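Biologist: Before we go through the labels one by one, please show me the model, and then I will ask what stands behind each of them.

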Amino acid sequence: CIAIDECNIFWIIQCNIIRNTYIPANIAGPFAKFEFFHLFNKKIHYFTKALELNPGLAVAYEKRGTLYYFQERYREMSLDFRRFTTLKPSDPEGFSMLGLAQLKMGNFSEAIIKLSRAIELDPQLASAYLYRGEAYFRKGLLELALEDSTKAIHLGKTQATIGRAYTIRSKVYRQLGQEGLADEDFSQAYLLDPENYAYRYF
């Protein structure tokens with residue numbers, strides 16, 4: 001067991017070495033994306049090696065699943081967070097990420113189930129309300145989407161989370177015909193999270 005643990009630590013250290021690699025912002029978009037994709041693949045390789053040595057290493061599933069998210073590989077992300085939540089059934093963030101993967105794949109009902117479990121485990125988890133609000137919106141359950149997005153606004157601890165919650169609520173208000181409230185929320189979203197302006201059209 002000691003040997004396995006030491007090997008796991010080795011692979012995770014290797015991941016941490018490449019974690020801080022810097023890519024200048026002025027590099028052309030496609031080239032930068034290729035570099036990041038290459039770096040993420042290296043990290044995925046190291047976490048995969050760690051899991052070959054110890055299939056019960058929950059943190060490796062969590063980290064690899066998060067890397068799959070950034071690569072938009074949502075099926076693989078879902079599989080890793082399913083394994084993570086099996087190993088860590090009381091971890092609300094794991095269920096939130098699993099719900100996000102389902103949301104990204106268009107499995108809105110399944111996303112709602114997983115995100116509701118995250119909220120049961122941590123009623124203060126803003127991200128779970130944010131993602132569930134989006135899932136409700138996609139299913140046309142506007143009142144529930146309004147309730148969850150409002151909850152995410154009140155609980156959110158980062159400008160990005162709060163901004164995106166305002167964006168969802170703006171969409172809900174627009175669907176309900178409340179254009180004034182929709183415009184107010186979108187203005188708040190833009191002020192809080194201007195880099196995600198295009199999220200309005202998500």
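Biologist: What covers the buried residues of α9?

Modeller: In this predicted model, the cover over the buried residues of α9 includes α7 (126–138), α8 (142–155) and α10 (179–192).

Biologist: What makes α9 largely enclosed by the rest of the structure?

Modeller: Buried means under 20% relative accessible area, and 12 of the 17 residues of α9 are buried, so the helix is largely enclosed by the rest of the structure; among these buried residues are Ile162, Tyr166, Ile168 and Val172.

Biologist: Why is the pair of tyrosine 69 and tyrosine 74 called tilted?

Modeller: Ring centres must lie within 6.5 Å to pair, and planes count as stacked under 30 degrees and as edge-to-face over 60; the centres of tyrosine 69 and tyrosine 74 are 6.3 Å apart and their planes stand at 50°, so the pair is tilted.

Biologist: What makes the pair of phenylalanine 81 and phenylalanine 84 edge-to-face?

Modeller: With 6.1 Å from centre to centre and 75° between the planes, phenylalanine 81 and phenylalanine 84 form an edge-to-face aromatic pair, the cut-off for that label being over 60 degrees. Both phenylalanine 81 and phenylalanine 84 are buried, and they sit 3 residues apart in helix α4 (residues 74–87), which separates them by about one helical turn.

Biologist: Why is tyrosine 74 counted as buried, and why is tyrosine 69 called partly exposed?

Modeller: The limit for buried is under 20%, so tyrosine 74, at 16% relative accessibility, counts as buried, whereas tyrosine 69, with a relative accessible area of 21%, is partly exposed.

How values were computed. Residues numbered from 1 in each chain as written. Predicted model: local features only at pLDDT ≥ 70, side-chain atom pairs only at ≥ 80, totals over all residues. Heavy atoms only, no water. Buried < 20%, exposed > 50% of the residue type's maximum accessible area, 1.4 Å probe, protein only. Helix = DSSP H or I, 4+ residues; strand = E, 2+ residues; numbered from the N terminus. Contact = heavy atoms within 4.5 Å. Phe/Tyr/Trp six-rings, centres within 6.5 Å; stacked < 30°, edge-to-face > 60°.
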